[in-house]
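Here is a short briefing on charged side-chain pairs.

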Amino acid sequence: MISKISFHQSLSACVLFFCFTTADNSAIAQPTHPVTWPGPLVAQSGQRIASGADFDATRRPELLREFAEHVYGITPSQTIPIRTLVTSVDNAALHGEAIRKQITITVGTAPVTRDLHVLLYLPVKAKGAVPVFVGLNFDGNVSTTTDPGVDLNEVWTPDPAESKIVLLGALKDNIRHRPTEASRGSDAEKWPFEAIVKAGYGVATLYAGDIEPDFATGIGYGIRPLFFKPGQYMPDLTDWGAIGAWAWGLTRVADYLVTDPAIDPRAIILAGHSRMGKAALWAAAQDQGPAQRFAMVISNESGQGGAGLSHREAGETIWHLNVAFPYWFSPAFHAYNGRPQEYPLDGHLLLSLIAPRPLFVASAQDDPLSDPEGEFLSAKAASSVYRLFGREGVPESATFKVGSLTGKDIRYYCRPGKHNMLPEDWQRYIAFADEYFHPAR
Ligand code: GCU
């Protein structure tokens, strides 16, 4: 664990003063005090990180270790039995535009197993292996589309008997049930599959609740207990939380995607909205080395605990994250409740672990909880690491402005409107991906 002394030594010259409220973002809480956050280019030892090689040798491993120990928890290193089965294929889905595959990834050994159900669309007209977007959904695969061929796999929803209890939503118990036909496409706005395949991309999604249901006692139904040590019945201080488990699940989906000959294994694009954006960033951060699977990352309003900067104390606080969702992060992260200035890490350091891969950080103006300006500053602070690798991030001279696209290999955009991942957002991500992957269409 980082010592207090080394934490203070690692504070860089990132000292900024904020005290403004503009017409563009008057609704957004802005810090009115000096804000400091740990610098990406100073190692704990005080060593200046002057090159990509320095970053890879020193800073990347120490940041990965610290994010595991302080924030998301340590992803277990032990292997676990995994079986993957393609359960259905339809070559004429989405009005004849797509091949639909449904795949079940079974984790564990009977009788204690968990099934992860993956929905994959590939463009029918593809001339070769295609790039693929992959991301977690909130409410089950069936919610992502009105496609009648998508399996009605079980989902978790709040127990109606508890709906009148005044408690933060995620602390209520949920019940598992098979969704009805009526729930098809209930969240389809977030998943414009047809437009994505027409642009030459595949797209895969998985219900986060298959990996771990998103409520406080959901842990028992998820994958985390499958990794408990003998006799263990609850998470230890630095064990992983639900976000760590979701990130692990995303990586298991990628394990399948890279084996599908219809998919370009060098063009897997990880995308996530909000809490699923936090999971996407942590999955991509840990995805290092020769078997790296995620070639590009899209953070859509991932906010605090994701791209956001907790040191700004604007928008959602660490305290709120850990009280409202006590199971998302490692128990160790709770040490920073109400003490954001002692937090040795922050969103920009998480983003720097994506380097040098292309990264899109997106915010929405009417999403004060995610602190859009903090996400912008985070993207800008991570850009110093991208520059070490000869990549261009958000320029030093750039200022936060709603509706203005900025940066290159780290791209930043804040659109007007509310917290959501809309078809217009996907169009920007497709255009970004086009610059790197040039799919045929
Ligand atoms: C809550 C939570 C956020 C999260 C969001 C979401 O608002 O406080 O941290 O990003 O849910 O996942 O939509």
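This is a predicted model, in which local features need pLDDT of at least 70, side-chain atom pairs count only at pLDDT 80 or more, and totals for chains, interfaces and linings use all residues. Residues are numbered from 1 along each chain as its sequence is written, and side-chain values use heavy atoms, with hydrogens and water left out.

The structure holds 27 salt bridges. A salt bridge here is a side-chain nitrogen of Lys or Arg within 4 Å of a carboxyl oxygen of Asp or Glu. Buried means under 20% relative accessible area, exposed over 50%, and partly exposed in between (1.4 Å probe, protein chains only).

**Network**
- Salt bridges link Arg252, Asp255, Asp287, Arg293 and Arg357 in a network.
- Within it, Asp287 and Arg293 pair at 3.5 Å, N to O.
- Both Asp287 and Arg293 are buried.

**Pair in helix H10**
- Arg428 and Glu424 form a salt bridge at 3.2 Å, N to O.
- The two residues lie 4 residues apart in helix H10 (residues 423-437), separated by about one helical turn.
- Helices are DSSP runs (H or I, at least four residues), numbered from the N terminus.
- Arg428 is buried, at 18% relative accessible area.
- Glu424 is partly exposed, at 41% relative accessibility.

**Lys408 and Asp409**
- Lys408 and Asp409 form a salt bridge, with their closest N and O atoms 3.7 Å apart.
- Lys408 is partly exposed, with a relative accessible area of 35%.
- Asp409 is buried, at 7% relative accessibility.
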